[in-house]
Amino acid sequence: METNTGFKDGFLWGGATAANQIEGAFDEDGKGLSSADFVEYIPKDQRTKDNHMEVTTEHIQKVLSGEHTGRFPKREGIDFYHRYEEDIKLLAEMGFKAFRLSIHWSRIFPKGYEAEPNEAGLAFYEKVFKTLKSYNIEPVVTLSHYETPYGLTERYNGWVDRAVVGHFEHYAKTVFNRYKGLVKYWMTFNEINIINISPFTGGGIISDKLENPTEASYQALHHQLLASSLATKALREIDADAQIGCMLARMKHYPYTCNPEDVLKAMQEDQMNLLYTDVHALGEYPNYYKQFLKENDFSLKIEDGDLETLKAYTVDYISFSYYMSLLSANSEEGEVTEGNLMNSLKNPYLEASDWGWQIDPIGLRIVLNEFWDRYHKPLFIVENGLGAKDVVEEDGSIHDTYRIDYLQKHIQEMKKAVQDGVDLMGYLAWGPIDLVSMSTSEMSKRYGFIYVDKDDDGNGTGNRSKKDSFDWYKEVILTNGAQL
Ligand code: BG6
């Protein structure tokens with residue numbers, strides 16, 4: 001039955017996080033190191049591509065030998081590991097129906113390739129999931145959110161090696177068996193497209209060890225897509241009531257001008273963004289991708305049976321993040337601005353966040369319609385939000401009207417898309433509680449309805465407090481989107 005807002009009863013309103021950005025306790029209870037534990041906080045003026053997302057062999061060696069003096073905020077998170085009960089209580093107060101989090105793979109298999117899991121890690125997530133369930137909040141769980149166990153980097157250079165597929169399958173089966181009946185919604189790889197943008201972040205791959213890192217990143221992608229299908233197969237066998245989705249950073253490309261050259265370029269860049277969901281949803285490598293591989297002289301090692309596996313085990317739903325849109329141009333002209341995972345030309349019709357991400361609520365309606373038309377599978381927005389600096393007033397209040405404005409406009413467009421006929425399962429705002437930024441490791445880039453008292457240098461009490469957006473979102477959920 002539908003309410004008059006168009007959103008289904010049981011619509012999954014809530015928020016999304018990742019283990020490495022919230023948990024902390026990076027070396028407690030048997031957890032091994034993961035790729036996220038190597039990411040250092042670098043102030044903006046000193047940041048380069050190599051020192052904040054991608055890392056080099058030299059960097060890894062310095063960290064392991066202790067020569068390094070930097071701070072690693074993803075090792076600290078916001079201490080959710082110890083404060084999860086308090087945090088979940090606050091989410092429940094907002095009326096959350098769903099909470100997305102990831103399992104830190106290296107808590108379960110410290111090096112990634114052990115045969116036996118670490119019981120303390122399994123027990124931690126069991127407590128978290130049971131706490132969520134006690135408030136009727138559905139856990140939505142990502143198996144891998146930029147947290148490849150470092151053991152897999154050390155032994156295999158991460159996902160470039162096919163052996164990692166088997167280790168992932170073993171990890172997936174272990175958690176599916178353990179949390180059967182507790183977790184209904186799963187996702188395999190967060191923003192799987194990052195593997196071709198930042199291979200270390202997406203797959204624990206150190207590019208300077210490779211002769212042709214770009215080609216290797218597409219080989220690694222094949223491994224992840226295969227692993228994703230094998231996890232889907234395993235879930236169907238282990239817990240037939242649960243569902244599994246993929247996860248794409250949707251990057252809608254508009255043409256910079258109506259020059260057909262730009263339109264073509266936008267179409268091609270859009271195809272390459274949709275490649276990942278094309279395989280996950282339709283079970284085949286599309287022709288444009290085969291052509292891309294040919295033109296670049298990339299040859300992938302695909303073993304007998306792989307293509308059949310991709311075809312047989314496609315996802316139940318399409319989940320994705322949406323923050324912004326991008327522009328494509330056939331020429332090099334135009335002013336550039338920063339964006340999620342990649343930069344873009346500036347769109348004169350859009351405003352941008354303080355981090356340069358171009359704010360485009362109508363783009364959300366467009367991508368929802370496009371996804372639905374292309375796949376006819378249920379859609380799930382599992383990340384959307386505004387990273388902004390908040391000001392704490394003397395009385396402790398935080399008036400984050402800019403955040404409310406961003407979310408309100410996006411939810412309005414989402415409502416229109418549902419009225420257009422799109423089948424939407426839910427909406428999860430990114431970072432409902434402030435967390436460590438993925439791209440910059442800053443705390444000051446805040447997304448939350450709940451403020452965490454901690455700064456970029458790690459100072460602060462860690463205490464939680466409500467922002468104005470807290471009560472606003474509570475009302476949105478309570479009215480199933482009628483009151484925005
Ligand atoms: C997505 C990631 O790309 O964007 C999250 O899945 C991330 O992990 C979010 O935090 C926002 O990006 P950032 O860089 O502002 O933290």
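How do the residues of the lining of the second largest cavity divide into nonpolar, polar and charged? I looked this up and found six nonpolar, four polar and one charged.

**Ground rules**

I am working with a predicted model, where local features need pLDDT of at least 70 and side-chain atom pairs count only at pLDDT 80 or more, while totals for chains, interfaces and linings use all residues. Residues are numbered from 1 along each chain as its sequence is written, and side-chain values use heavy atoms, leaving out hydrogens and water.

**Cavities**

Rolling a probe the size of a water molecule over the atoms shows where empty space is left. I noted the cut-offs: on a 1 Å grid over the protein atoms alone, a cavity is a set of points where a 1.4 Å probe fits but cannot get out, and a pocket is an open set with protein on both sides within 12 Å along at least five of seven lines; lining residues have an atom within 4 Å of a point. Grid points are joined across faces, edges and corners, and a volume is the space filled by probe spheres set on the points.

I found six cavities of 30 Å³ or more. The largest cavity holds about 140 Å³. Its lining has 16 residues, with Gln 21, Tyr 323, Glu 383, Trp 430 and Met 438 closest to the centre. I sorted that lining into seven nonpolar, six polar and three charged residues.

Back to the second largest cavity: its volume is about 90 Å³. Here 11 residues form the lining, and Ala 36, Val 39, Lys 74, Tyr 146 and Thr 201 lie nearest the centre.

**The largest pocket**

Next I turned to the largest pocket, with about 810 Å³ of space. It is lined by 34 residues, and the closest to its centre are Ile 197, His 253, Glu 269, Met 342 and Asn 343. Which element gives the largest share of this lining? I found that α12 does, with six residues. (Helices are DSSP runs of H or I with at least four residues, strands are runs of E with at least two, and both are numbered from the N terminus.) The lining divides into 14 nonpolar, 14 polar and six charged residues.

**Arg 403**

I found Arg 403 in helix α16, residues 401–420. Is Arg 403 buried or exposed? Arg 403 counts as buried because its relative accessible area is 0% (buried means under 20%, exposed over 50%, partly exposed in between, with a 1.4 Å probe and protein chains only). Its side chain makes a polar contact of 3.2 Å with the side chain of Asp 390. I wrote down what that term takes: a pair of N or O atoms within 3.5 Å; within protein, one must be able to donate a hydrogen and the other to accept it, and residues adjacent in sequence count only if both atoms are side-chain atoms.

**Tyr 451**

I then looked at Tyr 451, in strand β15 (residues 450–452). Tyr 451 is buried, because its relative accessibility is 11%. The side chains of Tyr 451 and Arg 446 are joined by a polar contact of 3.4 Å.

**The ligand**

Last, I checked two ligand distances. A polar side-chain atom of His 145 lies 2.8 Å from an oxygen atom of the ligand, and one of Lys 445 lies 2.7 Å from an oxygen atom of the ligand.

Definitions and conventions: Nonpolar A, V, L, I, M, F, W, Y, C, P; charged D, E, K, R; others polar.
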